[in-house]
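Let's walk through this protein together, one piece at a time.

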Amino acid sequence: MNSNPARNVDAPTTESWALTEDWVAPSDALRQAREEAFMAGHVPISTGVSAILTVLAATTGAKAVVEVGTLMGASALAFFDGMGKDGILTSIDADAEHQLAARRFLTAAGHPSSRFRLIAGTPLEVLPKLRDGAYDIVFINGDKLEYVEYVAGALRLLRHGGLLIVHDVLWNNTVADPSAEGDETIIIREALEAVTQSESYTQSLLPVGNGLLVAVKH
(Lines give C-alpha, C1' and ligand atoms only; values in the text may rest on other atoms or scores of the structure.)
Protein backbone atom coordinates (compact mmCIF):
# COMPACT_ATOMS: atom_id res chain seq x y z
CA MET A 1 0.00 0.00 0.00
CA ASN A 2 1.27 3.47 -0.84
CA SER A 3 2.00 5.23 2.45
CA ASN A 4 2.33 8.65 0.84
CA PRO A 5 -0.60 11.02 1.38
CA ALA A 6 -2.88 11.46 -1.60
CA ARG A 7 -1.84 14.32 -3.81
CA ASN A 8 -4.40 17.07 -4.29
CA VAL A 9 -4.81 16.97 -8.06
CA ASP A 10 -6.52 20.38 -7.94
CA ALA A 11 -3.50 22.12 -6.42
CA PRO A 12 -1.60 24.21 -8.96
CA THR A 13 1.98 23.24 -9.69
CA THR A 14 4.78 25.76 -9.92
CA GLU A 15 4.71 25.30 -13.68
CA SER A 16 0.97 25.97 -13.82
CA TRP A 17 1.35 29.09 -11.69
CA ALA A 18 4.09 30.39 -13.99
CA LEU A 19 1.95 29.70 -17.05
CA THR A 20 -0.95 31.60 -15.46
CA GLU A 21 1.25 34.59 -14.73
CA ASP A 22 2.83 34.67 -18.19
CA TRP A 23 -0.19 33.73 -20.30
CA VAL A 24 -0.87 37.31 -21.38
CA ALA A 25 2.12 39.55 -22.06
CA PRO A 26 1.81 43.09 -20.65
CA SER A 27 1.84 46.12 -22.90
CA ASP A 28 5.15 47.95 -23.27
CA ALA A 29 3.91 50.78 -21.06
CA LEU A 30 2.77 48.42 -18.33
CA ARG A 31 6.02 46.46 -18.50
CA GLN A 32 8.03 49.67 -18.14
CA ALA A 33 5.90 50.82 -15.20
CA ARG A 34 6.48 47.49 -13.45
CA GLU A 35 10.22 47.67 -14.10
CA GLU A 36 10.44 51.18 -12.64
CA ALA A 37 8.53 50.06 -9.56
CA PHE A 38 10.96 47.17 -9.06
CA MET A 39 13.95 49.48 -9.48
CA ALA A 40 12.49 51.77 -6.82
CA GLY A 41 12.27 48.86 -4.40
CA HIS A 42 8.52 48.26 -4.69
CA VAL A 43 6.53 45.20 -5.73
CA PRO A 44 4.00 46.07 -8.47
CA ILE A 45 1.04 43.98 -9.53
CA SER A 46 2.06 40.81 -11.35
CA THR A 47 1.47 40.26 -15.04
CA GLY A 48 -1.24 37.74 -14.16
CA VAL A 49 -3.03 40.26 -11.97
CA SER A 50 -2.76 42.96 -14.63
CA ALA A 51 -4.40 40.64 -17.17
CA ILE A 52 -7.29 39.93 -14.79
CA LEU A 53 -7.81 43.64 -14.09
CA THR A 54 -8.04 44.27 -17.83
CA VAL A 55 -10.55 41.46 -18.32
CA LEU A 56 -12.70 42.61 -15.38
CA ALA A 57 -12.75 46.20 -16.64
CA ALA A 58 -13.79 45.01 -20.09
CA THR A 59 -16.38 42.55 -18.75
CA THR A 60 -18.12 45.14 -16.58
CA GLY A 61 -17.91 47.84 -19.23
CA ALA A 62 -16.24 49.95 -16.57
CA LYS A 63 -16.44 53.70 -17.08
CA ALA A 64 -15.51 54.79 -13.55
CA VAL A 65 -12.74 53.10 -11.59
CA VAL A 66 -11.13 54.18 -8.33
CA GLU A 67 -7.95 52.64 -7.01
CA VAL A 68 -6.19 53.01 -3.68
CA GLY A 69 -2.48 52.83 -4.40
CA THR A 70 -1.06 54.25 -7.63
CA LEU A 71 2.50 52.84 -7.54
CA MET A 72 3.94 53.97 -10.89
CA GLY A 73 0.66 53.37 -12.72
CA ALA A 74 0.83 49.65 -13.55
CA SER A 75 -2.70 48.90 -12.35
CA ALA A 76 -4.06 52.08 -13.96
CA LEU A 77 -2.59 51.01 -17.30
CA ALA A 78 -4.12 47.55 -16.88
CA PHE A 79 -7.56 49.03 -16.24
CA PHE A 80 -7.28 51.38 -19.21
CA ASP A 81 -6.48 48.42 -21.45
CA GLY A 82 -9.98 47.10 -20.67
CA MET A 83 -11.98 50.32 -20.26
CA GLY A 84 -13.80 52.08 -23.07
CA LYS A 85 -12.59 55.36 -24.53
CA ASP A 86 -14.90 57.33 -22.25
CA GLY A 87 -13.73 55.62 -19.05
CA ILE A 88 -12.23 57.70 -16.23
CA LEU A 89 -9.87 56.41 -13.54
CA THR A 90 -9.30 57.98 -10.13
CA SER A 91 -6.12 56.92 -8.35
CA ILE A 92 -5.24 57.85 -4.76
CA ASP A 93 -1.74 57.61 -3.30
CA ALA A 94 -0.06 59.36 -0.39
CA ASP A 95 3.26 59.37 -2.27
CA ALA A 96 3.29 62.10 -4.91
CA GLU A 97 6.43 60.63 -6.48
CA HIS A 98 4.48 57.50 -7.41
CA GLN A 99 1.91 59.61 -9.16
CA LEU A 100 4.49 61.63 -11.09
CA ALA A 101 5.77 58.37 -12.53
CA ALA A 102 2.23 57.14 -13.19
CA ARG A 103 1.35 60.34 -15.04
CA ARG A 104 4.42 59.92 -17.22
CA PHE A 105 3.55 56.34 -18.15
CA LEU A 106 -0.15 57.07 -18.71
CA THR A 107 0.66 60.02 -20.94
CA ALA A 108 3.26 58.04 -22.89
CA ALA A 109 0.64 55.32 -23.45
CA GLY A 110 -1.63 57.90 -25.09
CA HIS A 111 -4.15 58.42 -22.29
CA PRO A 112 -5.18 62.09 -22.08
CA SER A 113 -5.10 63.75 -18.67
CA SER A 114 -8.87 64.28 -18.91
CA ARG A 115 -9.32 60.54 -18.42
CA PHE A 116 -7.49 60.18 -15.11
CA ARG A 117 -7.42 61.90 -11.74
CA LEU A 118 -4.29 61.36 -9.68
CA ILE A 119 -5.00 62.46 -6.13
CA ALA A 120 -1.98 62.78 -3.85
CA GLY A 121 -3.36 62.39 -0.36
CA THR A 122 -4.14 60.04 2.48
CA PRO A 123 -6.71 57.53 1.16
CA LEU A 124 -8.69 57.54 4.41
CA GLU A 125 -9.17 61.28 4.01
CA VAL A 126 -9.88 61.20 0.25
CA LEU A 127 -12.26 58.23 -0.02
CA PRO A 128 -15.07 59.83 2.06
CA LYS A 129 -15.10 62.75 -0.40
CA LEU A 130 -15.90 60.54 -3.41
CA ARG A 131 -19.47 60.16 -4.61
CA ASP A 132 -21.74 57.35 -3.37
CA GLY A 133 -22.55 54.56 -5.81
CA ALA A 134 -20.58 56.20 -8.61
CA TYR A 135 -17.96 53.55 -9.37
CA ASP A 136 -17.93 50.35 -11.39
CA ILE A 137 -14.73 49.07 -9.77
CA VAL A 138 -12.88 49.83 -6.54
CA PHE A 139 -9.35 48.39 -6.49
CA ILE A 140 -7.57 48.24 -3.13
CA ASN A 141 -3.78 48.08 -3.22
CA GLY A 142 -2.65 50.58 -0.59
CA ASP A 143 -1.42 50.39 2.99
CA LYS A 144 -2.21 46.89 4.22
CA LEU A 145 -2.78 48.18 7.74
CA GLU A 146 -5.74 50.22 6.45
CA TYR A 147 -7.39 47.47 4.40
CA VAL A 148 -10.36 47.13 6.74
CA GLU A 149 -11.20 50.82 6.37
CA TYR A 150 -10.70 50.69 2.60
CA VAL A 151 -13.08 47.74 2.29
CA ALA A 152 -15.67 49.52 4.40
CA GLY A 153 -15.44 52.63 2.23
CA ALA A 154 -15.65 50.66 -1.01
CA LEU A 155 -19.17 49.44 -0.27
CA ARG A 156 -20.48 52.99 -0.31
CA LEU A 157 -18.63 53.93 -3.49
CA LEU A 158 -19.67 50.96 -5.63
CA ARG A 159 -22.80 50.87 -7.76
CA HIS A 160 -24.99 47.78 -7.64
CA GLY A 161 -23.21 45.17 -9.74
CA GLY A 162 -19.87 46.91 -9.20
CA LEU A 163 -16.69 45.05 -8.32
CA LEU A 164 -14.54 45.22 -5.23
CA ILE A 165 -11.02 43.98 -6.03
CA VAL A 166 -8.51 43.58 -3.21
CA HIS A 167 -4.85 42.90 -3.95
CA ASP A 168 -2.26 40.98 -1.89
CA VAL A 169 -4.87 39.03 0.08
CA LEU A 170 -2.64 35.93 0.43
CA TRP A 171 0.20 38.17 1.66
CA ASN A 172 3.15 35.90 0.92
CA ASN A 173 1.17 32.80 1.99
CA THR A 174 0.83 34.02 5.58
CA VAL A 175 -2.92 34.73 5.63
CA ALA A 176 -3.76 31.01 5.43
CA ASP A 177 -1.15 30.12 8.07
CA PRO A 178 -2.78 30.11 11.53
CA SER A 179 0.60 30.58 13.19
CA ALA A 180 1.36 33.78 11.25
CA GLU A 181 0.48 36.84 13.34
CA GLY A 182 2.15 39.76 11.59
CA ASP A 183 0.26 43.05 11.64
CA GLU A 184 -0.43 43.06 7.91
CA THR A 185 -1.51 39.43 7.97
CA ILE A 186 -4.00 40.02 10.78
CA ILE A 187 -5.50 43.10 9.12
CA ILE A 188 -5.87 41.37 5.75
CA ARG A 189 -7.67 38.48 7.49
CA GLU A 190 -10.02 41.00 9.10
CA ALA A 191 -10.69 42.66 5.76
CA LEU A 192 -11.46 39.32 4.14
CA GLU A 193 -13.74 38.40 7.02
CA ALA A 194 -15.60 41.69 6.63
CA VAL A 195 -16.36 40.86 3.00
CA THR A 196 -17.31 37.28 3.86
CA GLN A 197 -19.71 38.36 6.60
CA SER A 198 -21.29 41.07 4.48
CA GLU A 199 -24.56 40.21 2.77
CA SER A 200 -23.74 42.77 0.09
CA TYR A 201 -21.22 40.70 -1.86
CA THR A 202 -20.74 37.51 -3.84
CA GLN A 203 -17.01 36.81 -3.84
CA SER A 204 -14.16 34.67 -5.06
CA LEU A 205 -10.51 34.50 -4.03
CA LEU A 206 -8.09 33.98 -6.90
CA PRO A 207 -4.59 32.49 -6.37
CA VAL A 208 -2.92 34.81 -8.86
CA GLY A 209 -0.04 37.12 -8.01
CA ASN A 210 -0.05 37.55 -4.25
CA GLY A 211 -3.76 36.76 -4.06
CA LEU A 212 -6.72 38.67 -5.49
CA LEU A 213 -10.18 38.94 -3.94
CA VAL A 214 -12.97 39.76 -6.39
CA ALA A 215 -16.46 40.52 -5.03
CA VAL A 216 -19.55 41.81 -6.84
CA LYS A 217 -21.92 44.08 -4.95
CA HIS A 218 -25.56 42.96 -4.94
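Ala-64 stands opposite Ile-88 in E2. These strands are DSSP runs of E with at least two residues, and helices are runs of H or I with at least four, numbered from the N terminus. Strand E1 (residues 64-68) pairs with strand E2 (residues 88-93) in the parallel sense, over five bridges; two strands count as paired if DSSP finds at least two bridges between them. What you are viewing is a predicted model, in which local features need pLDDT of at least 70 and side-chain atom pairs count only at pLDDT 80 or more, while totals for chains, interfaces and linings use all residues. Residues are numbered from 1 along each chain as its sequence is written, and side-chain values use heavy atoms, leaving out hydrogens and water.

Now step back to the whole sheet. Its seven strands form an open sheet in the order E3-E2-E1-E4-E5-E7-E6, with mixed pairing. E3 and strand E6 (201-206) are the edge strands, each pairing on one side only. Helix H4 packs on this sheet and touches E1, E2, E3, E4 and E5, where contact means heavy atoms within 4.5 Å. The direction of H4 makes about 165 degrees with that of E1; axes are lines fitted to C-alpha atoms, for helices over the stretch in contact, and angles run from 0 to 180 degrees between N-to-C directions.

How many of the nine residues of H4 are buried? Eight are, so H4 is largely enclosed by the rest of the structure. Buried means under 20% relative accessible area, exposed over 50%, and partly exposed in between (1.4 Å probe, protein chains only). Among the buried residues of H4 are Phe-79 and Phe-80.

Phe-79 also leads us to the largest nonpolar core, a set of 30 residues in which Leu-53, Phe-79, Ile-137 and Ile-165 touch the most other members. Such a core joins buried Ala, Val, Leu, Ile, Met, Phe, Trp, Tyr and Cys residues through side-chain atoms within 4.5 Å. H4 gives the most to this core, with six residues. A second, separate core of 28 residues includes Ala-64, Val-138, Ala-191 and Tyr-201.

For a contrast, find Asp-143 in the loop between E4 and helix H7 (147-157). Asp-143 counts as partly exposed because its relative accessibility is 37%. Its side chain reaches the backbone nitrogen of Leu-145 at 3.0 Å.

How values were computed. A polar contact is a pair of N or O atoms within 3.5 Å; within protein, one must be able to donate a hydrogen and the other to accept it, and residues adjacent in sequence count only if both atoms are side-chain atoms.
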